[in-house]
Amino acid sequence: MANTFIIAKKEMNSLFKERTLILAIIVQLLIASFSSLLVVGLASFFDPSALSNYDEKVANVGIVGDGELRNFIEKSQINVYHYQDLASALSDFDNNKIDGVVVIPSGNASGRDLIRIDVYLPKSDIRGTFVTLQLKKPLEDYENYVRDIRSPRIGFEPVSLYVDAVPKKTSTYFEFIYGILIPLLVFTPVFISGGLIIDMFTEELERKTMELLLVSPASFGEILDGKMLTAVLIVPLQTFLWLALVSFNGVAVNNIAIILLLAGIIAVIVVVLGAIIAVKYKKRLIAQYLYSLILILMFLAGYLFADSPFNLVTRLSAGAIGTEALAYCAAYAALSIPLYVYLKRMKIA
Amino acid sequence: MDLLTISKWEFRKTRLSFSLKTRVLSVIILILIGAASFFVSQSGLHINDNIYRVIVTDPALLPILKTDDKFDVFVAKEPDARYMFKQGGFDILIIGNKIIHSDSQKSISALDALDKTIKKYDEARLLSYNDLNDTFPVWLNVKNIERVQSFQPVPIQKLPEFEKGKENTADAPIEKPAVEKVVSENTQLPSIKDFTELKKSSPLQEQTLATPSHFNPPIPFKSVVLSFIFIFPIYFIAQFFSSSIMEERVKRKGELLLVSPLSSSQIVLGKLLPYLLITLVMVAGMTLKLGGSPWIILILLPVSLMFLSTAFFGAIIARSFKELSFVLIFLSVFLSGYIFFPAMFANIHAISIISPITLVVKMLENEPVSMSEYLFSTTPFYLVSTLVFMFGIFIYREEDLFTQKSIKGKLLDSLREFIARVPAPLFFLSIALLPLAFSIQLMLIVLMFNVPLRLGILFFIVVAALIEEVVKSVGIYTVFSKKIAKVSTANALKFGILSGAGFFVGEKVLLLVVVASIAGSVFGSVMGIGLLIFPLLLHISSTTVASLGMRYLGTKNYLPAVVLASIIHASYNLYLVRGVIFG
């Protein structure tokens with residue numbers, strides 16, 4: 001046992017000396033910033049209120065013709081320009097004076113036919129996106145207006161729930177932060193540790209330093225345990241750092257202790273798996289290759305069912321589940337035992 | 001013995017590492033991955049399952065809420081329900097059909113999710129009536145018309161070419177016939193099938209027919225995911241390449257090759273060849289299978305070179321397997337961000353063409369890709385990967401491969417080799433490192449895009465200046481710290497001028513190749529497009545400041561010297577774009 005700790009201490013020192021951990025943290029920072037950039041960027045496209053960052057706030061849209069829809073568009077925040085005919089509107093559109101043209105149809109809500117609206121937008125252009133978003137609201141209002149008149153004809157009744165004082169709401173950010181970002185931050189260190197144990201092990205084998213280690217008082221089992229201990233221990237440390245950082249940014253993370261426990265348990269599974277691969281295949285090239293394949297498989301499997309570690313972290317951090325999650329932790333812990341037993345029975349030949 | 005012999009050896013070595021057992025095992029895992037992704041595509045990703053806890057008093061609401069896995073629903077009688085809600089742990093309480101929520105972020109976002117679920121539920125019911133005229137009465141015919149793309153609404157300096165292009169198209173007659181043709185194509189009435197297709201396809205492609213609630217801007221998710229499949233083999237093969245190089249270093253087998261009559265560049269290129277070929281074959285296979293254009297291979301060639309070159313360089317500078325892993329993870333995350341993030345904005349914004357993947361996405365969506373777009377997005381990749389290989393080859397020698405030198409030491413070694421081998425080294429070193437600076441700056445633009453514009457430009461100016469100053473002065477640092485030339489004022493001045501002028505020349509040459517819409521933007525003007533004499537003076541004077549700083553403060557004070565130079569550089573650029581930031 002004492003030898004295990006000596007090995008673990010040695011590995012820990014080399015991790016800090018090579019500053020590899022710092023790189024790992026930068027990697028996670030990059031992943032986090034990319035994924036949040038992606039969601040913030042894309043979400044802001046779907047949430048016109050986020051567009052106030054840009055200089056052009058209001059879309060200029062040309063309208064051709066007259067009808068019910070006209071009122072809906074004029075009531076919205078869009079700058080409306082009226083045109084006599086489509087050709088003059090399109091000519092202004094081509095000269096960048098307006099960014100969209102709507103042709104208002106003559107049909108109305110009380111009619112029986114479909115109401116077809118022609119919309120002209122600039123192709124492959126950020127302004128096309130802005131116009132789309134700003135037109136969406138009045139068009140949707142109009143759709144609801146027409147539907148309210150027509151759907152009773154066929155006896156349709158919408159589900160009606162009401163709420164006092166509707167707050168400005170979006171679920172995109174919340175669901176992204178708890179559904180994707182936090183699980184990713186929690187499990188990236190786990191995946192890194194799995195690769196780490198393979199590197200620690202295959203390096204000793206390929207440099208032939210394992211033979212030297214084996215003549216020391218430490219047994220092969222102790223060397224294994226020491227290395228795995230290091231790889232597992234750094235996981236909750238990194239995870240805690242991330243969760244602290246996320247909390248610091250104003251995101252409330254619930255059940256931090258249980259999340260750390262779960263991350264640690266999953267780390268045991270992944271690290272033991274990495275060690276089995278390393279002991280079996282001995283060469284870094286092959287071991288890392290197989291490990292990456294298995295990683296992809298585990299990643300996909302993680303999205304297959306509701307009680308997967310990913311979703312548990314989501315629910316734990318959002319406070320939708322509490323100590324009940326300990327039962328799942330126990331189940332995952334039980335899963336690691338046969339793997340560990342299998343590893344311990346392997347011989348280094 | 002020649003380069004091809006090395007290639008053959010390398011190929012055989014890697015192939016032999018894959019025993020029959022390994023191959024069988026990887027096939028099994030691949031099949032399992034296929035099965036798992038099939039299940040995921042069938043049942044959807046289980047993200048956010050049971051994240052919201054809701055209490056209802058009306059049991060009829062239960063089946064409606066159960067259509068969305070996000071809700072964990074409890075049914076209770078009114079007084080109990082109110083009591084439970086008060087106790088906490090629940091996000092929404094629905095008494096009868098009245099919703100009660102709290103002010104917490106989670107409760108408000110649950111409200112939005114509830115809204116969406118009910119909308120979806122109603123839509124599904126409406127659809128079952130099979131009567132489009134009364135259920136989905138409003139339809140949009142969307143016509144996307146090509147206009148001249150503008151990079152930013154506030155261009156301050158435009159290159160003449162850019163303006164000319166704009167005028168030409170503006171002068172051209174409006175293509176009315178084309179518009180009318182589109183109208184005639186779309187006159188058939190929409191059907192239920194159109195609606196189900198709408199739900200499936202959005203937001204993957206540009207829409208031509210939509211209902212208002214499904215009217216969304218185009219975001220090429222599907223094509224980006226598809227292009228990820230193209231990149232996938234490249235990650236693996238780059239891993240193999242670096243593993244093989246590292247293994248030779250660790251086992252010291254590479255020493256034998258070094259004493260052979262072959263030059264180190266022949267050895268390295270010989271080793272590279274099989275990996276590059278396999279990558280291209282795999283990419284070609286994917287293209288064939290997924291039915292893309294063969295041009296995709298040409299777009300992914302520079303991307304493959306980039307991954308392989310960084311994998312090679314990582315394997316040369318790392319001291320251990322662990323370090324190699326981290327260096328490679330870091331580089332591939334960085335590169336993936338660079339190539340995939342802009343691609344998400346394909347068809348939305350002109351900036352997206354800085355990534356070659358955008359071109360792949362465009363090709364997958366059957367859109368034309370022009371030669372200038374190809375040059376613009378791939379030139380930095382070709383140049384940077386060549387540069388990385390070159391610096392790697394410089395230190396592909398005994399003293400760097402088989403010793404435990406630090407990463408910084410090895411980087412300095414490769415710079416020193418450059419200085420020793422190239423005439424007028426400082427002039428050309430600035431030019432050689434320029435694509436690297438250029439690529440990092442492009443990456444920065446991408447990152448800046450979600451920050452408010454003014455703040456983004458400010459930050460970009462400062463960091464871009466720092467990057468350029470480091471690139472220009474790192475050669476001088478090497479010369480002074482390794483005592484290659486005498487540390488004197490005359491030398492400091494001379495090196496500053498050479499280095500600054502080199503960077504200036506390189507910048508102009510590079511821009512001739514890649515002049516694109518970016519030149520007209522605010523970011524473009526910061527990157528020194530426009531006036532000629534001032535940028536030249538600026539590059540020379542700021543580098544001279546750094547150089548003199550090292551002369552008088554010593555090379556250990558490199559950092560303050562380069563920061564001072566960057567401040568001068570950044571203030572000039574700030575002055576240039578003052579109109580945008582302060583006006």
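A residue is called buried when its relative accessible area is under 20%, exposed when that area is over 50%, and partly exposed in between. By this cut-off B:Asp413, with a relative accessible area of 5%, is buried, whereas B:Lys405, at 25% relative accessibility, counts as partly exposed. The model is a predicted one.

**Salt bridges**

| Pair | N to O separation |
|---|---|
| A:Arg207 and A:Glu203 | 2.8 Å |
| B:Arg397 and B:Glu417 | 2.9 Å |
| B:Asp413 and B:Lys405 | 2.4 Å |

In chain B, B:Arg397 forms its salt bridge with B:Glu417. That pair links distant parts of the chain, with B:Arg397 in the loop between helix H16 (371–394) and helix H17 (398–401) and B:Glu417 in helix H18 (residues 407–421), 20 residues apart. Both B:Arg397 and B:Glu417 are buried. The contact of B:Asp413 with B:Lys405 belongs to one network, in which salt bridges that share partners join B:Arg397, B:Glu399, B:Asp400, B:Lys405, B:Asp413, B:Glu417 and B:Arg421.

**The sheet across the two chains**

Six strands form an open sheet of mixed pairing, in the order E2(A)-E1(A)-E3(A)-E4(A)-E5(B)-E6(B). Strand E2 (79–83) of chain A and strand E6 (209–210) of chain B stand at the edges, and because each has a single partner strand, one side of each is left without a neighbour in the sheet. Strand E4 (residues 115–123) of chain A and strand E5 (residues 138–146) of chain B run parallel and are joined by nine bridges, with B:Val142 as the bridge partner of A:Val119. Helix H3 (residues 68–75) of chain A packs on the sheet, touching E1, E2, E3 and E4 of chain A, and its direction makes about 145° with that of E2(A).

Five bridges join E1(A) to E2(A), also a parallel pair, and A:Gly62 has A:Tyr81 as its bridge partner in E2(A). Five of the five residues of E1(A) are buried, with A:Asn60, A:Gly62 and A:Val64 on one side and A:Val61 and A:Ile63 on the other.

**A nonpolar surface patch**

Seen at the surface of chain B, a nonpolar patch with about 560 Å² of accessible area together includes B:Leu466, B:Val470 and B:Ile568. Helix H24 of chain B gives the most to this patch, with five residues.

Note on methods
Residues are numbered from 1 along each chain as its sequence is written. Chains are lettered from A and ligands numbered from 1 in the order in which they are written. This is a predicted model: local features need pLDDT of at least 70, side-chain atom pairs count only at pLDDT 80 or more; totals for chains, interfaces and linings use all residues. Side-chain values use heavy atoms; hydrogens and water are left out. Two strands pair if DSSP finds at least two bridges between them. Helices (H or I, at least four residues) and strands (E, at least two) are DSSP runs, numbered from the N terminus. Contact means heavy atoms within 4.5 Å. Axes are lines fitted to C-alpha atoms, for helices over the stretch in contact, and angles run from 0 to 180 degrees between N-to-C directions. Patches are made of residues with over 30% relative accessible area and no salt bridge: like charges are joined within 9 Å, nonpolar side chains (Val, Leu, Ile, Met, Phe, Trp, Tyr) within 5 Å. Accessible areas come from the Shrake-Rupley method with a 1.4 Å probe; for residues, only the protein chains shown count as cover. A salt bridge is a side-chain nitrogen of Lys or Arg within 4 Å of a carboxyl oxygen of Asp or Glu. Buried means under 20% relative accessible area, exposed over 50%, partly exposed in between (1.4 Å probe, protein chains only).
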